[in-house]
Amino acid sequence: MSSNAPTAVLRAELTKIGTVRSTLVPLALALVVSVGTGVVNGASARSAIDRHSPLLRPDFDPVDAGFVGIQLGQLALIAFAVLLVCTEYGSGMIRTSLAAVPSRGLFYLAKITAATTVALLVAVPTTFLAFLASQTALGPHGVELSHPGALRAVLGACLYLTLMCLFSLGIATTLRSTALSLPLLFALVFVLTPVANAIPALRTLARYLPDHAGAEVMKAVPGLNPGTGLLVLAAWTTAALLTGYLTLRSRDS
């Protein structure tokens, strides 16, 4: 195989992303949902502050408010990662892909690299725009990027979205089914983590679930050290990707 083969395989994976509508729609939704929710949340928080509403959390932080939309927008990137893998299995195109690239390690690495590239290209503008939009909606209660902890939180949010996308890709490669992968991953974010966090006996465990731990990097005053949270999410992501590779290597297409 020529030395240019890895570049060609990566280019092919990027082309798949750019030409398959089902993978493009979630990318657009990630931006729209994150920014839109950020604006609504910022405006709601501003109203609550101005009215001295008792419903406003006593530990309200304008920096944290900038990432409420990211928590929903991540679902779109999770869906993107799942569809990126499972669409090929569902259509049967995985056989063609593996015939064109017999090295499953190279094929998988190219898919990971393509997903990382696209996730970052989406995550960077999404996080910055969501933060700035929410702070604008907060009006006089909003903060600038120069506010202590704000820029670190925004950059952390970029890493969080990218790692959650790759974690989802590993899970999808293992399960090879949209019908299995999406409910499992959505349940993790919407059910397992919130429920575990609400039960005192499970609260410590919840802190080390991938989405809960990783989200610490988006907080101005994190409960878990942001570096530790990032390492926990990176460990989960590495394990998911490795499991996906072992599954891809051991199974027929």
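Reader: How many residues does helix α6 have, and how far does it reach from its first C-alpha to its last?

Author: Take the end-to-end reach and hold it against what 1.5 Å a residue would give. In this predicted model, α6 covers residues 104-138, so 35 residues by the DSSP run. It reaches 49 Å, close to the 51 Å expected. Just after α6 comes G139, with a positive phi of about 65°.

Reader: What else is in the protein chain, helices or strands?

Author: Count each kind of element, then read the order. Here you get eleven helices and zero strands. From the N terminus on, the order is α-α-α-α-α-α-α-α-α-α-α.

Reader: How do I read the radius of gyration of the protein chain?

Author: Compare it with the value for a compact globule of equal length. For 253 residues that would be near 18 Å, and the protein chain has 19 Å, which agrees. Along the principal axes, the C-alpha trace spans about 65 × 40 × 30 Å.

Reader: And what share of the residues counts as buried?

Author: The cut-off is under 20% relative accessible area. By that rule, 46% of the 253 residues are buried. The accessible surface comes to about 11900 Å², with 69% of it on carbon and sulfur atoms.

Technical notes:
Residues numbered from 1 in each chain as written. Predicted model: local features only at pLDDT ≥ 70, side-chain atom pairs only at ≥ 80, totals over all residues. Heavy atoms only, no water. Helix = DSSP H or I, 4+ residues; strand = E, 2+ residues; numbered from the N terminus. Expected span 1.5 Å × (residues − 1). Rg over C-alpha atoms; globule rule 2.2 N^0.38 Å. Buried < 20%, exposed > 50% of the residue type's maximum accessible area, 1.4 Å probe, protein only. Areas by Shrake-Rupley, 256 points an atom, 1.4 Å probe, with all protein chains shown as cover.
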